[in-house]
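Please read them alongside the coordinates.

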Amino acid sequence: MPADDVREDAETRAESGEEAGTVETQDTPAGEVRKRRFPLFTKDTARPEGGGRAAPGDAPAPARQWPMLVVLSLVGLGLLLTAFDLVRAGTLLIGVALLTGAVLRWLLPSVGMLAVRSRFTDIVTYGILGVVITLLALMVQPNPLLVIPFLKDALHFTVSK
């Protein structure tokens, strides 16, 4: 449809008082016109790819959301360990939980509420956060398990007395 026809069609709708976003369709065999109306404002969002149930619909709620419960349980356990002064083990477990979320998002077709954005964005987000938290957990003082020399120099440049 040329731009002039679209503009005239919109002007005609405005004059007749039709709602914005009305589309006429010719999909019935008798040729009668049905109208679809699109909302002027979006009121909902589509479920992300892979956001369906992780188990059949007749399964109990925890079974349908098991990937999210696995990640949240690991994070909760990591926070509990951190609260009991096992900082390295707790933060390492939190990092591993996020990496587990990235792997589950990559391997499973449906992960329930673990799917927040597109599959690629979720994997990258969970993966980067998991790697960063895991590396920081390995560098916790005293007696770090991982030493990255340039970070010590960067700290001296940013925090000086």
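1. Helices (H or I, at least four residues) and strands (E, at least two) are DSSP runs, numbered from the N terminus. From that end, the elements of the protein chain follow the order α-β-β-α-α-α-α-α, a total of six helices and two strands.

2. This is a predicted model: local features need pLDDT of at least 70, side-chain atom pairs count only at pLDDT 80 or more, and totals for chains, interfaces and linings use all residues. Residues are numbered from 1 along each chain as its sequence is written, and side-chain values use heavy atoms, with hydrogens and water left out.

3. Of the 161 residues in the protein chain, 22% are buried (under 20% relative accessible area, 1.4 Å probe, protein chains only).

4. Leaving aside residues up to four places away in sequence, Leu104 touches Trp66, Pro67, Val71, Val111 and Leu114; contact means heavy atoms within 4.5 Å. Across the protein chain, 46% of the contacts between residues at least 6 apart in sequence join residues at least 24 apart.

5. Which helix supplies the largest share of the lining of the largest pocket? Helix α6 (residues 149-158) does, with four residues.

Notes:
Buried < 20%, exposed > 50% of the residue type's maximum accessible area, 1.4 Å probe, protein only.
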